[in-house]
Structure formats: structure tokens, C-alpha cells
Amino acid sequence: IRRYSPMSQLQPYVNHKVSVIMNDGRIVVGTLRGLDQTTNIIMQGSQERIFSEDEGVEVVDLGLYLIRGDNIAVIGLVDEELDGALDLENLKGEPLPSLKH
């Protein structure tokens, strides 16, 4: 039986730009700098992206940011070229709802 280890799955993402969707619907983008056995993560140069149906995406600089593993719903690699081409000021979208267990 092979055990799933979130830490081993995320190790290749270290020092790369990732997007994290948290259980409360918040989205944080930044460079993954480290993680531990409970999948707590440290991100550098982090920004929260707050979506709105009426206005563009609000970007809040967070800097160095720690996210507890039990607050993380999804982590994914960011294509930096595509991300840099996004016009966040004019991008509109419905905010994500909180995750229901």
C-alpha cells in the first residue's frame, strides 16, 4: 500500500510561484518557500487576490505569509507568463464561497 504524502507531492513546487485556494475562499499567490509535515506552508512575495463581480480584482500585498495546512483547499503551480499577462484591474468574477465539509 502506497501512502499519500502531501509534503512529497508539494516538494517540487518549492521556489516556484503557486496559487493557494483556502477553505474560506481566499486566493493567495506567491512563491512557495517551504512546508512541513502537516502541510503548513511559507510563501514569499504573497498577494491576496479578491475577486468582485462589479470591479476588477483587488490585490493586497501580504509579503511573507504562513498558511496552516488545515486551511488549504488547493495548491497549484502558476504559469508566470500567463499570470503576468492577466489584466487584473479589468478582470471580474464571483468570489469563491467557503468550502463546506
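The side chain of Ser 46 reaches the backbone oxygen of Met 43 at 3.5 Å. Ser 46 itself lies in strand E3; here helices (H or I, at least four residues) and strands (E, at least two) are DSSP runs, numbered from the N terminus. Ser 46 is buried, because its relative accessible area is 1%, where buried means under 20% relative accessible area, exposed means over 50%, and partly exposed covers what lies in between (1.4 Å probe, protein chains only). The structure is a predicted model, in which local features need pLDDT of at least 70 and side-chain atom pairs count only at pLDDT 80 or more, while totals for chains, interfaces and linings use all residues. Residues are numbered from 1 along each chain as its sequence is written, and side-chain values use heavy atoms, with hydrogens and water left out.

Strand E3 also holds Arg 49, a residue that counts as buried because its relative accessible area is 10%. A polar contact of 2.8 Å joins the side chains of Arg 49 and Asp 83. Such a contact is a pair of N or O atoms within 3.5 Å; within protein, one must be able to donate a hydrogen and the other to accept it, and residues adjacent in sequence count only if both atoms are side-chain atoms. The side chains of Arg 49 and Asp 83 also meet in a salt bridge, with an N to O distance of 2.8 Å. Arg 49 lies in strand E3 and Asp 83 in helix H2 (residues 80-85), so the pair ties together parts that are 34 residues apart in sequence. Asp 83, like Arg 49, is buried. A salt bridge is here a side-chain nitrogen of Lys or Arg within 4 Å of a carboxyl oxygen of Asp or Glu, and by this rule the count comes to four.

Among the other salt bridges is the one between Arg 68 and Asp 70, whose closest N and O atoms are 2.8 Å apart. Salt bridges that share partners join Lys 17, Arg 49 and Asp 83 into one network. Lys 17 has its place in strand E1 and counts as partly exposed because its relative accessible area is 21%. Lys 17 and Leu 77 are 60 residues apart in sequence, yet their C-alpha atoms are 6.1 Å apart in space. A salt bridge also links the side chains of Asp 24 and Arg 26, at 2.8 Å from N to O. Asp 24 is partly exposed, with a relative accessible area of 37%, and Arg 26 is partly exposed as well, at 31%.

Patches are made of residues with over 30% relative accessible area and no salt bridge; like charges are joined within 9 Å, and nonpolar side chains (Val, Leu, Ile, Met, Phe, Trp, Tyr) within 5 Å. Glu 53 sits in the loop between strand E3 (41-50) and strand E4 (58-67), and counts as exposed because its relative accessibility is 53%.

A nonpolar surface patch of about 310 Å² is made by Ile 42, Leu 64 and Leu 66; accessible areas come from the Shrake-Rupley method with a 1.4 Å probe, and for residues only the protein chains shown count as cover. Ile 42 is found in strand E3 and is partly exposed, at 37% relative accessibility.

Most residues other than glycine have a negative phi. Asn 15, although not a glycine, has a positive phi of about 70 degrees. Asn 15 is found in the loop between helix H1 (6-10) and strand E1 (17-22), where it counts as partly exposed at 49% relative accessibility. Thr 39 is not a glycine either, and has a positive phi of about 60 degrees. The loop between strand E2 (27-35) and E3 is the place of Thr 39, which is buried at 12% relative accessibility.

Finally, Leu 88 is found in the segment after H2 and counts as buried because its relative accessibility is 16%. Leu 88 and Gly 56 are 32 residues apart in sequence, while the distance between their C-alpha atoms is 6.0 Å.
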